[in-house]
Each structure stands twice: as structure tokens, then as C-alpha cells.
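Here is a short briefing to read alongside the coordinates. Keep the viewer open and follow the residues as they come up.

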Amino acid sequence: MHTRIVEVVEENPAVKTFRFRYNVKVLPGQFCMVWDGAGEEVPMSFSYTGKIKGVTVKKVGKTTDLLHRRKPGEVLRIRGPFGTHYPVSSKKYLLVSGGTGIASLAPAAEKIVGRGGKCRFVAGFRNASEIFFIERLRNAGIDVEIATDDGSAGFRGFVTELAGKLFAGESFDYIIACGPVQMLKEIGRRFAEKVETYISIESLMKCGIGLCDSCSILGYRVCREGPVFRAGELIEKGWLEE
Ligand SMILES: Cc1cc2nc3c(=O)[nH]c(=O)nc-3n(C[C@H](O)[C@H](O)[C@H](O)COP(=O)(O)OP(=O)(O)OC[C@H]3O[C@@H](n4cnc5c(N)ncnc54)[C@H](O)[C@@H]3O)c2cc1C
Ligand code: FES
């Protein structure tokens, strides 16, 4: 569907959020295929799932660089929503993000709190200059702690360590994580046997709808059977050793 960008927000020097009208039901964790008419079509998680949707894009290469040049009023082509979603209920959650992983977890956190659930959020970034979405989460009443690799804000060290410290002192019904693959594997190692753990993984995507097989990992099409998986399911198939 064609839609026009209604707002562009610069979250940090490498990350921009594009807000647009897209009148379909989207569940937290689902993604869309985005095309600006110039670059490739690329998968992006929905970072806003309400009436005005959003995607939050980190500039890493050719297409995301082109997307970063788009302005309010310009057209985006959106297909989706696609894929599985995070479990969100009135239970108690620990959410763990690494880098732009916070983009797909923020709507889940808001939905959990909206449903009367409890949510602690630990957000990891390389350094203080990369931090974004924290005010948005705190404004929604979510308890957020930050970890940075260099200690320039919050806890010094990996976000998985900070998650471990919280987990040692409190009990949770679910852990949900989104971020770089090495971080997700560490989450799997630490928590999957102790508590219901869900992760959102990335893979190279072309069709987004289960036809081309370009996104397959361990026999799963990430665009259909994922991107949100129960960590234990992937671990049983040897994901940690890959
Ligand atoms: C389900 C899903 C949801 C995603 N959600 C987001 C999101 O919310 N925000 C966001 O910024 N990005 C997200 N991505 C990643 C995004 O699709 C890629 O960064 C983008 O396609 C890169 O395109 P490019 O042409 O700019 O980069 P390219 O020129 O193709 O690549 C540049 C660099 O990025 C790496 N790269 C490319 N694609 C991926 C990928 N899928 N995963 C990891 N590394 C990749 C390449 O290896 C290369 O090092 C998501 C990916 C998936 C599969
Ligand atoms: S992207 Fe084509 S099958 Fe998943």
C-alpha cells in the first residue's frame, strides 16, 4: 500500500523514525516490507503499532541510507504486517534490547502495561550517544534501566549481565529479547531453561511471505515461522552451536 510519511524523527545520528498512516491491525513484534521506490525493499519491525504506525531505521547500507533521505509528505510502499508476534498479557515481563532492538520491543512494553501486566525493561547501547526511546517508555510508566558497553550511561557492561542481575533478585513469567544475534544467544544460554523466553531474530529477506526461502534458518522461514521464536525451540535445533 502507498502511504505518505507524516513525520520523521531523528532518534540519534544513525537512527530515524518514520511515522505514517497505515490502517491495519499490527501486533508488537511483527514487521513490514518497506520500499521507497528507489532502493531495495527491506524488512523493518513496526516501532509504533497504534493508529499512526512507525518504523525506526538504522543507517547501515545502501537502502537504509536512501530511506534516511525521505522527508514528510513523500511516499513509502508498505507490505505487511508479516510474521509472528511477542506474547503480551497481564503477566510479569523482563524485556531486553540491544541497539535498535528497542524499536520492536517498545510497542510490546506499552501493550503489556496497557493490559495490566508488569514490565521491567533493560536497554543496551554501545554508548550514551546512541540512546533513544527511553523517555517514550518512561512516559508510559515502564521501569527502564540502561546498559552501555563503555559505561557512558547507566550500567557499564553488556545488557545481558544487567538482565542477569535483575533476574537474580526478581521472578518473571517471560523474558523477551531483540538485538544482535550474539546478545540473543547469550539470553538463550542464560534464561531459556529457567523461564519462558522469546527472541526476535533477523535474517536476509526478499519476499517476506514464505515463498523464496532466502530467510531460512534451521529449517524455519524467519518471515513466516518467525521473526519471534521461543528460544528453546531454536536451541533444540542447535542454534547456540551455529
Ligand atoms: C524481521 C526484521 C526486522 C528488522 N527490523 C529492523 C528495524 O526495526 N530497524 C532497522 O534498522 N533494521 C531492521 N532490520 C534490518 C534491516 O532490514 C537491514 O538493516 C536492512 O535491510 C539493510 O539494508 P541496506 O541496503 O541499508 O544494507 P546492506 O547494504 O544490504 O547491508 C549493510 C550491512 O548491514 C548488514 N545487514 C543487511 N541486512 C541485514 C539483516 N537483515 N540483519 C542484519 N544485518 C544486516 C549487512 O551484512 C551489511 O554489513 C530488520 C530485519 C528483519 C529481518
Ligand atoms: S523472505 Fe522469502 S521465504 Fe522468507
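In this predicted model, Ser 97 touches Ile 102, Leu 105, Phe 121, Val 122, Ala 123, Gly 124, Val 159, Cys 178 and Met 183, leaving out residues up to four places away in sequence. Ser 97 lies in strand β7 and is buried, with a relative accessible area of 0%.

- Thr 160 itself is found in helix α4 and counts as buried at 6% relative accessibility.
- As background, an α-helix has 3.6 residues a turn, so residues three or four places apart point the same way.

**Cysteines**

- How many disulfides are there? The count comes to 0.
- Cys 32 is in no disulfide, and the nearest cysteine sulfur, that of Cys 223, is 14 Å away. Cys 32 is also buried, with a relative accessible area of 0%.
- Cys 178 is buried at a relative accessible area of 10%.
- Cys 212 is found in the loop between β12 and β13 (216-217). This cysteine is partly exposed, with a relative accessible area of 34%.
- Setting aside neighbours within four places in sequence, Cys 212 is in contact with Lys 206 and Cys 207.

**A lysine in a loop**

- Lys 59 sits in the loop between β5 (52-58) and α1 (62-68). Lys 59 is partly exposed, with a relative accessible area of 40%.
- Beyond residues up to four places away in sequence, Lys 59 touches Ala 14, Thr 64, Asp 65 and His 68.
- Lys 59 and Trp 239 are 180 residues apart along the chain, and their C-alpha atoms are separated by 28 Å.

- The peptide bond from Gly 80 to Pro 81 is cis, with omega near 5 degrees; Pro 81 is found in strand β6 (residues 75-82).
- Another cis peptide bond runs from Gly 226 to Pro 227, with omega near 10 degrees. Pro 227 lies in the loop between β14 (220-221) and β15 (228-230).
- Phe 133 is not a glycine, although its phi is positive at about 70 degrees. Phe 133 is in the loop between β8 and α3 (134-139) and counts as buried at 7% relative accessibility.
- Leu 218 also has a positive phi, of about 55 degrees, without being a glycine. Leu 218 lies in the loop between β13 and β14. Is Leu 218 buried or partly exposed? Leu 218 is partly exposed, with a relative accessible area of 22%.

**The chain as a whole**

- The protein chain has 6 helices and 15 strands. Its radius of gyration is 17 Å, close to the 18 Å that the globule rule gives for 242 residues, so the chain is as compact as a globular protein of that length.
- The C-alpha trace spans about 50 × 40 × 35 Å along its principal axes.
- Of the 242 residues, 51% count as buried.
- Among contacts with a separation of 6 or more, 61% are between residues 24 or more positions apart.
- Carbon and sulfur atoms hold 49% of the accessible surface, which comes to about 11,100 Å².
- There are 35 positive and 28 negative side chains, and the centres of the two sets lie 5 Å apart.

Conventions
Residues are numbered from 1 along each chain as its sequence is written. Chains are lettered from A and ligands numbered from 1 in the order in which they are written. This is a predicted model: local features need pLDDT of at least 70, side-chain atom pairs count only at pLDDT 80 or more; totals for chains, interfaces and linings use all residues. Side-chain values use heavy atoms; hydrogens and water are left out. A disulfide is a pair of cysteine sulfur atoms within 2.5 Å. Buried means under 20% relative accessible area, exposed over 50%, partly exposed in between (1.4 Å probe, protein chains only). Helices (H or I, at least four residues) and strands (E, at least two) are DSSP runs, numbered from the N terminus. The radius of gyration is taken over C-alpha atoms; the globule rule is 2.2 Å times the number of residues to the power 0.38. Contact means heavy atoms within 4.5 Å. Accessible areas come from the Shrake-Rupley method with a 1.4 Å probe; for residues, only the protein chains shown count as cover. Lys and Arg count as positive and Asp and Glu as negative; His and the chain ends are not counted. The place of a charge is taken as NZ of Lys, CZ of Arg, CG of Asp or CD of Glu.
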